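Visitor: Please take one part of this model and look at it closely. I would like a connected account of the packing there.

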Amino acid sequence: MDIMQVIKDQIENNDILLYMKGSPNQPLCGFSARTVQAVMDCGQKFAYVDVLSNPDIRSNLPLYGNWPTFPQLWVKGELVGGCDIITEMHEKGELKPLLEEAAPAE
Ligand SMILES: N[C@@H](CCC(=O)N[C@@H](CS)C(=O)NCC(=O)O)C(=O)O
Ligand code: FES
C-alpha cells in the first residue's frame, strides 16, 4: 500500500495517536519522553507508532502533516503538536480535557 495511505489510515483509525521515537515504556529521545509522559498523565488509552522502526513513516509523515519533527500527537485526525505544544498544553491543563473528549466512551 502507498505509504501516504498507510499514514492516512493510521490517523483516521486512531482517535489519539502519538508518533514518537521509541515506545511509551522506552522512549528513545527526550522530546518523545516528555511528550509521552504528558499524554500518559491524562489517563486515556492511546495508540503510538515508533518512527525509528518505521523509516518510511519517519520520512513521509513530515510531508503528510507539514510538520518537520517528532514527536507528533494527532487527535481525531488533526495534528495537535509536538513536544513544546503538548507539554505547554499539559501544564495549562488543556491536554486532559482534549484527550477525554477524543477518547471513546467506555
Ligand atoms: N521543538 C520540537 C522538538 C522535536 C525535535 O526537534 N525533533 C527532532 C529531533 S528528535 C526530529 O524529529 N528531527 C527529525 C527526525 O529525527 O526525523 C517539538 O516541540 O516537538
Ligand atoms: S533523537 Fe536526538 S534529539 Fe531526538
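**Around leucine 95**

Guide: Leucine 95 is in contact with Ala38, Val39, Cys42, Leu73, Ile86, Met89 and His90, leaving aside its neighbours within four places in sequence. Contact means heavy atoms within 4.5 Å. This is a predicted model, in which local features need pLDDT of at least 70 and side-chain atom pairs count only at pLDDT 80 or more, while totals for chains, interfaces and linings use all residues; side-chain values use heavy atoms, with hydrogens and water left out. Residues are numbered from 1 along each chain as its sequence is written, chains are lettered from A and ligands numbered from 1 in the order in which they are written.

Now the core. The largest nonpolar core has 15 residues. Such a core is a set of buried Ala, Val, Leu, Ile, Met, Phe, Trp, Tyr and Cys residues joined through side-chain atoms within 4.5 Å. Buried means under 20% relative accessible area, exposed over 50%, partly exposed in between (1.4 Å probe, protein chains only). Ile16, Leu73, Ile86, Leu95 and Leu99 have the most contacts inside this core. Two or more residues come from each of β1 (16-20), α2, β5, α4 and α5 (95-102). Helices (H or I, at least four residues) and strands (E, at least two) are DSSP runs, numbered from the N terminus. Another core, of ten residues, lies apart from it, with Ile11, Val51, Ile57 and Trp74 among them.

Next, the two helices. α2 (residues 30-41) packs on α4 (residues 83-91) at about 35°, and their axes are 9 Å apart. Axes are lines fitted to C-alpha atoms, for helices over the stretch in contact, and angles run from 0 to 180 degrees between N-to-C directions. From α2, Phe31, Arg34, Thr35, Ala38, Val39 and Asp41 meet Cys83, Ile86, Thr87 and His90 of α4.

Methionine 40 also lies in α2. Methionine 40 is partly exposed, at 33% relative accessible area. Not counting residues up to four places away in sequence, methionine 40 touches Pro24 and Phe46. Its C-alpha atom is separated by 14 Å from that of methionine 89, 49 residues apart along the chain.

Then the strand side. Leucine 73 stands opposite glycine 81 in β6. Strands β5 (residues 72-75) and β6 (residues 78-81) run antiparallel, joined by three bridges. Two strands pair if DSSP finds at least two bridges between them. Two residues sit between the strands of this hairpin, where lysine 76 takes a positive phi near 50°.
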